[in-house]
Amino acid sequence: MAEQNKGAIWLKTLWYGFIAGMISGMVKIGWEVIFPPRTPDRNAINPPQHLAQQMGLPDDLIFWTVEYGGQPVMPFTLVLHFAFAIVFSILFIWLIQKFTQVALWQGAAYGLVLWVVWHVILMPVLGTVPAPWDQPLTEHFSEIFGHMIWGWSIAATSYFLIAKQKVADLKNF
């Protein structure tokens, strides 16, 4: 029974994380339309695309473009964007079950921590983006608040799904 419950918890965590990741991914894209994080020159190859190049993925895949409604769309970049959101939404749901502090500020702190880890530490160390002090203030503004709203949207979606579950396997906050 306990093993079956653990399996159900994992399935719910994955499913709710997928849903929260898709919604939060749309929230983050919407934020970046309002407050573009990078200048057009710095966005010609955005950080996820540059990171994919550093990993050795072919440019044909990274910059593959399709047309939707007369507009160019890059499927690889979208898949990468939503995969990131889904993975970190699943991680959020898993973590809040064990450490409720992860949900500080209704998830906004989670988004802020991920901004620090990725944009201040990892990507600059990897050479994917310039050092934080060499990035424009507008980029920091967009990324800091964009990540906080993204983290909040993960929490909001997760809390709703957990509160509405028929069998209360996950903790209800």
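Which residue forms a salt bridge with R38? The partner is E143, and the closest N and O atoms of the pair are 3.2 Å apart. E143 lies in helix α7, while R38 sits in the loop between α1 and α2 (40–43), so this pair ties together parts that are 105 residues apart in sequence. Both residues are buried. The model is a predicted one.

Side chains of opposite charge can pair when their charged atoms come close. A search of the whole structure finds four salt bridges. Besides the pair of E143 and R38, one of them joins K28 to E32. Here the closest N and O atoms are 2.5 Å apart. Both K28 and E32 belong to helix α1, which covers residues 2–34. They are four residues apart, about one turn of the helix. E32 has a relative accessible area of 23%, so it is partly exposed. These residues also belong to a wider arrangement. K28, E32, R38 and E143 are linked in a network of salt bridges.

Next comes the pair of R42 and E139. Their side chains meet in a salt bridge, at 2.6 Å from N to O. R42 lies in helix α2 and E139 in helix α7, so the pair ties together parts that are 97 residues apart in sequence. Is each of the two buried or partly exposed? R42 is partly exposed, with a relative accessible area of 23%. E139 counts as buried, because its relative accessibility is 1%.

H119 has its place in helix α6, residues 108–126. With 9% relative accessibility, H119 counts as buried. Which residues does H119 touch, leaving aside its neighbours within four places in sequence? H119 is in contact with L114, P124, V129, Q135, E143 and H147.

Now follow α7 to its packing with α5. Helix α5 spans residues 75–98, and helix α7 spans residues 137–163. At what angle do they pack? The angle is about 60°, and the axes are 10 Å apart. The two helices are therefore oblique to each other. The crossing of α5 past α7 is right-handed. From α5, the contact takes in F84, A85, F88, S89, F92, I93, I96 and Q97. From α7, it takes in W150, I154, A155, S158, Y159 and I162. What kinds of residue make up this contact? Eleven are nonpolar, three are polar and none is charged.

The last stop is the segment after α7, where D169 is found. D169 counts as buried, because its relative accessibility is 18%. Leaving aside its neighbours within four places in sequence, D169 is in contact with N5, A8, I9 and K12. How far is D169 from H81, a residue 88 places away along the chain? Their C-alpha atoms are separated by 29 Å.

Notes
Residues are numbered from 1 along each chain as its sequence is written. This is a predicted model: local features need pLDDT of at least 70, side-chain atom pairs count only at pLDDT 80 or more; totals for chains, interfaces and linings use all residues. Side-chain values use heavy atoms; hydrogens and water are left out. Axes are lines fitted to C-alpha atoms, for helices over the stretch in contact, and angles run from 0 to 180 degrees between N-to-C directions. Angles under 35 degrees count as roughly parallel, over 145 as roughly antiparallel, 65 to 115 as roughly perpendicular and the rest as oblique. A crossing is left-handed if the near helix is turned anticlockwise from the far one by less than a right angle, and right-handed if clockwise. Contact means heavy atoms within 4.5 Å. Ala, Val, Leu, Ile, Met, Phe, Trp, Tyr, Cys and Pro count as nonpolar, Asp, Glu, Lys and Arg as charged, and the others, Gly among them, as polar. Buried means under 20% relative accessible area, exposed over 50%, partly exposed in between (1.4 Å probe, protein chains only).
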